[in-house]
Amino acid sequence: MHVASVAVTICKYLGLNEQLANAIALGHDIGHAPFGHHGEDCLNSLMEQKEGAGAPKKFWHERNSLFFADYIETLPDPEGIAQPLNLTYAVRDGLICHCGEIDQQGIRPREDAIDLYSIKRPGLIQPFTWEGCVVKVADKIAYLGRDIEDARQYHILDMGAYRHMREIVASTLNSKGSNAFRSGKAVNTTVLINDLIVDLCEQSSPEKGLCFSDEYFKFILELKKFNFAHIYNHWRLIEFSKYADNCIETIYRTLMRFYEYARNGRMAQALRYYPVLAKNFEEWLLKYTRYVPVLWKKDVDKKRLLHINTVNIFDLDDIESYEKCVVEYISGMTDVFAISIYEEIISF
């Protein structure tokens, strides 16, 4: 929602398609794993185990967002049947090309409409539309500001961090950033985000692309370093990341352990001690595979019975396809749901 707000504001000023930017922004992280980028790294490491270190990244959330938009997410039609989203190329392109972690100036759309699934790595290909480019920049603006806001709320920033922030503002923005602080301590992220939006709108043009002034671009680079130093590498988050690994890996190992049960339509039986996981994962299997529970007739039209019109994208006769099925299931979890499933598994 923060990315959408920033993107739509920028598009309104630049005379771009606000609805397109809003659609890309609202969907840009639908394929993100629980626990943020650490959860993404955890899922990728699980998928790389067979290939070892240095293997190409198999799971990255930008491509997974495209996959979710194309095959996983549904909306009910007027008859109540869950149908695929059938999004336009421009929206789908914006989802896979939204990576905001790359530091760039002068972002402008690429010229060719390529096969989106041919993109092998995040951040290397520019979006096909100006709106997609705006979302890419808006993602950076939103997460830099919001992460500081969250860190303040959860008491991760100390007085030394606030002094460091003031030094960054003073050294990069001079008097421009004087309104970013209130009460002599807390940074006003709303002001910082507003100033970044205003600067981007004033500096950008079709000739220059989407860009910031030199002062604000330097500020963004320093702000990113600040977030890594004081937030992302904070000892409390490092400790929590170990817990996050445990959550994801335990759910993964649990579901992989019962592969043969899934093949034989007996997943509910296998997971009988974990009722929430059993119900939820079996619904996932019913929606995206040829899985038929043992209590059902083999010739039952399960899709029609469940009022869904999805493609069977995972093959239960192929263990690698089943592994991808498990990984995609986990990637669709929220942090809270993943924690609740983990606790269900380890509780006696």
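Student: At what angle do helix α3 and α15 pack, and how far apart are their axes?

Tutor: In this predicted model, helix α3 (residues 36-48) and α15 pack at about 175°, with axes 11 Å apart. Axes are lines fitted to C-alpha atoms over the stretch in contact, and angles run from 0 to 180 degrees between N-to-C directions. Local features need pLDDT of at least 70, side-chain atom pairs count only at pLDDT 80 or more, and totals for chains, interfaces and linings use all residues. Residues are numbered from 1 along each chain, and side-chain values use heavy atoms, without hydrogens and water.

Student: Why are α3 and α15 called roughly antiparallel?

Tutor: Angles over 145 degrees count as roughly antiparallel, and 65 to 115 as roughly perpendicular. The angle is about 175°, so α3 and α15 are roughly antiparallel.

Student: What makes the contact of α3 with α15?

Tutor: L43, L46 and M47 of α3 and E323, V327, I330 and S331 of α15 make the contact, meaning heavy atoms within 4.5 Å.

Student: Why is the pair α4 and α15 described as roughly perpendicular?

Tutor: The axes of helix α4 (residues 61-72) and helix α15 (residues 319-331) cross at roughly 95° and come within 12 Å. α4 and α15 are therefore roughly perpendicular to each other.

Student: Which residues meet there?

Tutor: N64, F67 and F68 in α4 meet K324, E328 and S331 in α15. The residues of this contact divide into two nonpolar, two polar and two charged. Nonpolar covers Ala, Val, Leu, Ile, Met, Phe, Trp, Tyr, Cys and Pro; charged covers Asp, Glu, Lys and Arg; the others, Gly among them, are polar.

Methods: Helix = DSSP H or I, 4+ residues; strand = E, 2+ residues; numbered from the N terminus. Parallel < 35°, antiparallel > 145°, perpendicular 65-115°, else oblique.
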